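Thank you all for coming; I would like to take a few minutes on one model, going from its sheet to its metal site. Please have the viewer open while I talk.

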Amino acid sequence: MVVMTTPKVNFSKSTPAISKNTAVIIGVETAGKSIKLTKSRFDSLLPKDLALDSLGISAELGKVAKLPGPKGAVIALVGLGDKISTDSLREATGAAVRELGSLAELIVDLPTKNFEQLLAIFEGALLGNYEFLSYKPKATARALKAITIIGEKPTAKSLREIEFLAQAVKACRDLVNHPANELYPEVMVNQAKKEIKNLPIKLKVWDEKQLVAEGLGGIHAVGKGSNRPPRLVKLEYKPTRAKKSIALVGKGITFDTGGLSLKPAESMVGMKYDMTGAAAVMQALVAIAKHGLKIRATAWLCLAENMPSGGATRPNDVIRIRNGKTVEVLNTDAEGRLVLADGLSMASEEKPDYIVDVATLTGAATIALGNRYAGLMGDDALVKRISEAAKEVGELVWPMPLPQELRPLLNSDIADIANVKIGNRAGGMLVGGIFLREFVGSENHTPAWAHLDIAGPANNDGAAYGYTPKGATGVMVRTLVNLAKSLV
Ligand code: BES
Ligand code: ZN
Ligand code: ZN
């Protein structure tokens with residue numbers, strides 16, 4: 001893995017010197033029907049009566065315009081959107097740092113009201129400074145060495161926490177960006193082992209034989225068509241004096257061909273992203289441990305490669321999930337719910353207070369919500385907490401219902417449940433959630449449960465925006481960590 005150089009970030013209350021190779025980042029805000037520059041200590045560098053409109057400068061969030069400054073420096077004007085907020089500062093800084101990386105030094109002088117906003121600028125700068133260079137390391141034009149944020153330095157602890165989060169998001173992006181020829185279940189296991197070195201996290205792995213021996217028929221059925229065998233990984237963080245417990249369950253399909261219900265060529269492109277849920281819960285757990293949060297947390301990575309072969313699961317095969325329920329597989333491309341069924345069952349056996357699963361589960365999620373919102377389903381109280389946790393960190397989730405009347409669609413003549421209703425496309429995301437619910441909880445314990453369908457926001461196949469690059473986004477890592485924080 002090629003590791004990017006991380007620029008040094010510092011805070012300054014004085015006005016740093018500028019030179020060639022420096023950009024000063026100043027905000028553009030809306031002022032009634034017009035726009036204006038936000039106040040900065042570099043005002044004197046700007047020509048008076050700058051005709052913003054004629055120069056095509058706008059306050060559109062994250063839009064960056066460059067003007068020549070004194071001594072060869074660049075003045076970069078970044079749009080702050082309709083209203084300056086913690087979120088818009090995070091996004092705008094992310095966009096500016098992403099776009100201005102060919103310069104050696106950036107000075108960010110944006111208006112802040114409090115430390116929270118300064119920290120959002122810091123976070124945006126870290127998240128925006130990302131490139132995936134493993135396969136063309138020389139392609140980078142980034143030369144960024146230092147970022148100076150104008151403002152009072154926040155506490156070392158708060159800065160360190162943001163660093164943990166940004167590292168986790170970027171490590172998630174790196175995992176997801178790796179192609180499936182190099183990243184398969186065993187590789188995910190090895191990456192997890194690497195990540196937890198020197199952290200108070202225990203790891204347990206189920207290989208293909210143990211999966212069969214211990215009744216994990218979902219993960220086995222999905223993985224058995226591949227030459228690269230499936231795995232289940234449990235990561236466990238168990239601090240002393242923790243009162244609450246949360247289990248995170250991630251869909252980790254390292255490539256989804258659809259299996260024998262083969263996807264058409266065009267729909268298969270992008271299916272390396274189908275392990276985003278597993279990468280996100282792994283990295284969230286790492287960040288939770290680094291933060292030292294007083295909550296017991298486990299991450300369950302349900303890892304398999306969904307391939308067609310003489311050994312693959314067929315439509316109409318009946319499999320048995322860990323909790324004893326039988327599933328008739330009518331479409332082998334609805335494989336995420338099969339691996340998660342085992343993951344949810346295993347998580348449930350430990351009777352946690354909360355279970356959250358994260359999965360690129362359905363194309364229907366993108367039909368319903370587009371490419372930026374994650375669909376959020378489950379128990380009302382937990383759904384509300386996750387919505388709040390997401391809002392606080394600037395990630396987008398949208399609550400969706402789990403209508404009980406959809407359950408009969410999944411009735412099977414010969415098994416407890418079918419994995420799809422053939423020919424039914426209505427409410428595909430909700431049907432996925434309805435299926436998963438069958439595998440949550442045990443006879444004498446019902447945890448609060450929520451399901452995040454991240455098929456839309458897991459990757460960004462459009463242009464980069466704000467702090468979000470093209471490709472893997474690392475979405476939900478920060479929401480999950482913030483959720484854990486809120487539950488302590
Ligand atoms: N991995 C896909 C879902 C997906 C599609 C994620 C597009 C991201 C972008 C999932 O395993 C799948 O194929 N789901 C099927 C479900 C159907 C057979 C009920 C789908 O969405 O078509
Ligand atoms: Zn599939
Ligand atoms: Zn899939």
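We start with an open sheet of eight strands, in the order S8-S9-S11-S10-S14-S18-S15-S16 and with mixed pairing, where strands are DSSP runs of E of at least two residues, helices are runs of H or I of at least four, both numbered from the N terminus, and two strands pair if DSSP finds at least two bridges between them. Strand S8 (201-206) and strand S16 (397-399) are the edges, each pairing on one side only.

This is a predicted model, in which local features need pLDDT of at least 70 and side-chain atom pairs pLDDT 80 or more, while totals for chains, interfaces and linings use all residues, and side-chain values use heavy atoms, without hydrogens and water. Residues are numbered from 1 along each chain as its sequence is written, with chains lettered from A and ligands numbered from 1 in the order in which they are written.

S8 pairs with strand S9 (residues 231-237) in the antiparallel sense over six bridges, and Trp206 has Leu232 of S9 as its bridge partner.

Turning to the metal, the zinc ion (ligand 3) is coordinated by Lys251 (NZ), Asp256 (OD), Asp274 (OD) and Glu335 (OE) at 2.0 to 2.4 Å; donors are N, O and S atoms within 2.8 Å of the metal (3.2 Å for Na, K and Ca), and water is not among the atoms, so sites may look incomplete. Asp256 also coordinates the zinc ion (ligand 2), and the two ions are 3.2 Å apart. Lys251 and Asp274 are both buried, that is, under 20% relative accessible area, with exposed meaning over 50% and partly exposed in between (1.4 Å probe, protein chains only).
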